[in-house]
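Please read the following note alongside the sequence and the structure.

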Amino acid sequence: MPKKTAKRPSFFKSFKQSLFNKLLKNKHLKNSITLEHRTIYVLPSSLGWYFVIVAILNFVMGINYQNNLILIMSYLMFVVMIIAVLMGYSNAKGLTVKFKDAFNSYAPQKPSIVFELQSPTVTQSINLTYQGCEQTHKYTDEVDNKPQILTLYLPYSSRGKYTVQRIKIASNYPFGLITVWSYIQLQTDVFVYPSLEQVHSDAHVSMLDEQADKGISTQSGSEEFEALIPHLPEMGLQRVSWKHYAKTQQLLVKEFVDFKIANALFDFTLMNGDTEQRLSQLCFLVCEATEKNTPFMLKLPSKTINTNTGQQHKQKCLALLCSYNGGVS
């Protein structure tokens, strides 16, 4: 499945986004940002614009009717607006938003990103908003000098790989008349893995070692005696079977082996159901094999990942399942 993208925007939206990105000059492309004069933007909120319009109308009416009381009221409204701008800017300045981690998910659960918020002085009414095709947000009343963890869930529930879009950091403090905001743009992706569908049959397991006997393969070791082999000059005498030498006058050495479960092959073509069901079954098998520390190989029609084990191998396999865009052959 290809990387998810939003629907094609209109020409106006594309132009607006291009102009906006050029004005920002990539100064928000970072994993941690501290709000300061270069990264803080201030404009009236929706309520603030109505407030300004009413103030202007009062001023016009006061001029036309030469009513000093109306003029004083309009002046006071402008003063309130200026105070709101100064207080809002002062409230947000110094706030630090730091990206901590991204958590992938299994469909239909949503992935999330975790931020740490901290401010040298009390910062009030902070809202983090995800600016993707669908918006989600997380609100906190207050941030102080103690680190505060905030988890923002992303609006993705279908299998796929998603590029994290710009995140808006905003506050409407005080009075709700102005919006003070900034952005943080993370250079990271999140994954929504296939859902986990339990596999009840062993038909999906293929043994990589064709010489294995009933699912058991062997390797040199010291646990179990397997056979006697001729003694070679480089071998020590401590492994010589003197009992057999007394009978046959031949120097024979005891060969020991370690037994282990043969590596498993998880094959897309051996699964049941449609494409999504097969991917879900493979996802379950990958997670189960990793939990049991069983080496395995993953085989899809388009690509094969060689045998390995561990968390890194698991993540590589899950990412492949996540981005698979073929069908059932």
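1. Pro 174 lies in the loop between strand 10 (167–171) and strand 11 (178–184). The peptide bond that leads from Tyr 173 to Pro 174 is cis, and its omega is near -5 degrees. Helices (H or I, at least four residues) and strands (E, at least two) are DSSP runs, numbered from the N terminus.

2. This is a predicted model, in which local features need pLDDT of at least 70 and side-chain atom pairs count only at pLDDT 80 or more, while totals for chains, interfaces and linings use all residues. Residues are numbered from 1 along each chain as its sequence is written, and side-chain values use heavy atoms, with hydrogens and water left out.

3. Another cis peptide bond joins Ala 107 and Pro 108, with omega at about 5 degrees. Pro 108 is placed in the loop between strand 4 (105–106) and strand 5 (112–118).

4. Where is Gln 66 placed? The residue sits in the loop between helix 2 (46–65) and helix 3 (68–92). Although Gln 66 is not a glycine, its phi is positive, at about 50 degrees. Gln 66 counts as exposed because its relative accessibility is 70%; exposed means over 50% relative accessible area, buried under 20%, and partly exposed in between (1.4 Å probe, protein chains only).

5. Ser 125, a residue other than glycine, also has a positive phi, near 55 degrees. Ser 125 belongs to strand 6 (residues 123–130). Is Ser 125 buried or exposed? With a relative accessibility of 18%, Ser 125 counts as buried.
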